[in-house]
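Dear colleague,

I am handing over the structure we talked about, and below it you will find my notes on what turned up when I went through it. Please read them with the structure open beside you.

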2 protein chains.
Amino acid sequence: MIKFEILKTSKKSKARVGRLTTDHGIVETPNFMPVGTLGTVKTMSPRDLNEIGAQIVLSNTYHLFLRPGPDIIREAGGLHKFMNWEKPILTDSGGFQVYSLAERRKVKEDGVEFASHIDGTKHFFTPEKVIDIQTAFGSDIMMPLDECVPFPCDKKVAQDALVRTTAWAKRSKSYVAGKEGPTLFGIVQGSTYPDLRKRSAEEICGIDFPGYGIGGLSVGEPQEEMFGMLDVLSQVMPEDKPKHLMGVGFASDILGAVDFGIDLFDCVIPTRLARHGSFLTLEGKTSIRNARFERDFTPIDPECDCYACKNFTRAYIRHLFWAREILSMQLLTIHNLRFFMRLLEKVRKDILAE
Amino acid sequence: MIKFEILKTSKKSKARVGRLTTDHGIVETPNFMPVGTLGTVKTMSPRDLNEIGAQIVLSNTYHLFLRPGPDIIREAGGLHKFMNWEKPILTDSGGFQVYSLAERRKVKEDGVEFASHIDGTKHFFTPEKVIDIQTAFGSDIMMPLDECVPFPCDKKVAQDALVRTTAWAKRSKSYVAGKEGPTLFGIVQGSTYPDLRKRSAEEICGIDFPGYGIGGLSVGEPQEEMFGMLDVLSQVMPEDKPKHLMGVGFASDILGAVDFGIDLFDCVIPTRLARHGSFLTLEGKTSIRNARFERDFTPIDPECDCYACKNFTRAYIRHLFWAREILSMQLLTIHNLRFFMRLLEKVRKDILAE
């Protein structure tokens, strides 16, 4: 079970500071969820995550379904115990990953058939099945199966996906009725069509979930279009429920989305960029490989309080990166995630200080 | 400067417990030095190293000479500061790595010419040059240039290498005379010929160094041959000086070598095996990939007190390894190094308890 309280709403926008209480602890919102695709946030141990201030992580149902599979996670005592993470976990439904498989998946009325990206084995996800899987994980928050569409997307295609997403949301809601288990959110789709977004929000919120994911954004559309959709949604969706803008994003996306009342974010950007040698600051991303850092004996970001910035220089991390040393990826990941944590800490602080 | 004290010698063998005091702290001997080839023990942060109880690390002159180069390390304030490691550092001379280059190196009377394994650029190491490099690093203990030979090795070749190693050791000793800098050890060679080992030990120890490396072992010879050489050396080398058996080894090598009065060990085995998915216990090495660990929710080693064993199961680490998650390498490295630390802690304790 979850509880969501709004502690303060901004005077300037729909931004708010809230508190999401779960069985595994409290998440201060707005917040960013590091992505632990396969039951680990890449290169990070749980104590690293605690140190950077992570309050919740997101894991991917599609990936964990394929490896190690829900049975092993259930037998381990659930995902928290399996990965030794005591704080909240939100799992997605696999809908987005299956969408990413493109021609390796086939959407049917009953669910979606797909071929594993690992070994090509065929699988079929239904709304009920992804709930069973996430129940095996013991997630705090789970997502229903949805259908994400690419950008740009023909309106008819987007509308068909919306209709299916609503139908699946209803089936999902019925399936969990009266059962113990993770808290089920709804997911709003509708591509970049204001009327479809509005319709999806009305339909999904009409089913009445304790929280909502906003899917199908940050899939290639310009930032203004994304903000336009959030504007539409902010006028339709209930203010008292937590809203998760799925898969978003860059710092500027997050700062903008907060103003439309978004409470939760997740994205692989900070971790993926780190593994490719880039660090994040308020100025954007910078590659540590750059020759100008060869003799730069200052921290990645002098303002940052993370383990990497407190203990190592750009010259050292650059050396590690060129030498393909794993420690470079760890240090950059620690910094990039801490950067996002600090960004959201500041957002919360600024709203509270208004 | 270093100081070496023997606290207790075993009644059953030449094994002893000692204390090596350096400018960066104390090393209890016998001890194992994790290998930080490129200024980082692969996958480990300095705090991880502190946590497993590492008291000293070994870094490789050859690798650090090529990347990032001694100038950058000097400008960073030395290797300790560059890699943020406050405890002692021993650097090898590059002799072994250059030997490993095989046909990419040419031994001359004055030194050794070699082509970088990275980009083929030509370099020339002389006894004086490797001292300059290690002085730039600010190592606590440095090694002189030596010539290592393969196993098996023609006696004439081994003898020529021995003669050159002695000549280079003399040049090295003269070169550091009256200078501030790292403490220079000598290196004994002589392949697996008892008379050559004895001769090398007499020549090198005759030059009088504050400590000695024993090189050219664990290069493919049977363990008994290695122990045979250590037996010969234990009768010739001074008992009051610290002895480092370079590049050794497996747990059984270490336990045997301790009885011949060896004080320091270093080896890439625990870290390399970890990255390839194997964990070490007293029974030897075991691959975490093994199917029998799929549902094994016990720690790698229930006896072990490391972070990996205290917090994660074999099933989880196996999953991480198959999913190519870096955390698996980190956890296995932490365990394997801690296993070696505990092994040497027990050796010291047992001798003291005799």
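In strand 11 of chain A, Leu184(A) is the bridge partner of Met142(A), and this pair belongs to the two bridges by which strand 10 (residues 141–142) of chain A and strand 11 of chain A are joined in parallel. Please keep in mind throughout that this is a predicted model. The two strands belong to an open sheet of four strands in chain A, whose order is 5-6-10-11 and whose pairing is parallel. Strand 5 (57–59) and strand 11 (183–184) of chain A are the edge strands, and because each has a single partner strand, one side of each is left without a neighbour in the sheet.

Chain A also holds an antiparallel pair, in which strand 8 (residues 112–115) is joined to strand 9 (residues 122–125) by four bridges. Within this pair, Phe125(A) in strand 9 is the bridge partner of Val112(A). Strand 8 and strand 9 of chain A form a hairpin with six residues between them, and in the turn Gly120(A) has a positive phi of about 75°.

Turning to chain B, there is an open sheet of five strands in the order 4-15-14-13-12, again with parallel pairing. Its edges are strand 4 (31–33) and strand 12 (186–188) of chain B, each of which pairs on one side only, and from one strand to the next the twist averages 25°. Strand 4 of chain B runs parallel to strand 15 (residues 264–266) of chain B and is joined to it by three bridges, with Met33(B) standing opposite Asp266(B) in strand 15.

Strand 1 (residues 3–9) and strand 2 (residues 16–22) of chain B pair in the antiparallel sense over six bridges, and Lys8(B) has Val17(B) in strand 2 as its bridge partner. These two strands of chain B form a hairpin with six residues between them. Strand 2 of chain B is in turn joined by five bridges to strand 3 (residues 25–29) of chain B, the two running antiparallel, and here Leu20(B) stands opposite Val27(B) in strand 3.

Helix 6 of chain B passes helix 7 of chain B in a right-handed crossing. On the helix 6 side, Pro127(B), Glu128(B) and Ile131(B) take part, and they meet Trp168(B), Arg171(B), Ser172(B), Tyr175(B) and Val176(B) in helix 7 of chain B. By class, this contact has five nonpolar, one polar and two charged residues.

Finally, the contact between the chains takes 31 residues from chain B and 31 residues from chain A. On the side of chain B that touches chain A, helix 3 (70–75), helix 4 (79–83), helix 13 (314–322) and helix 14 (326–353) of chain B each supply at least two residues, and the largest share, five residues, comes from helix 13 of chain B. Sorted by class, that side of chain B has 16 nonpolar, nine polar and six charged residues.

With best regards

Definitions and conventions:
Residues numbered from 1 in each chain as written. Chains lettered and ligands numbered in written order. Predicted model: local features only at pLDDT ≥ 70, side-chain atom pairs only at ≥ 80, totals over all residues. Pairing = 2+ DSSP bridges. Axes fitted to C-alpha atoms, helices over the stretch in contact; angles between N-to-C directions. Left-handed = near helix turned anticlockwise from the far one by under 90°. Contact = placed C-beta atoms within 7 Å. Nonpolar A, V, L, I, M, F, W, Y, C, P; charged D, E, K, R; others polar.
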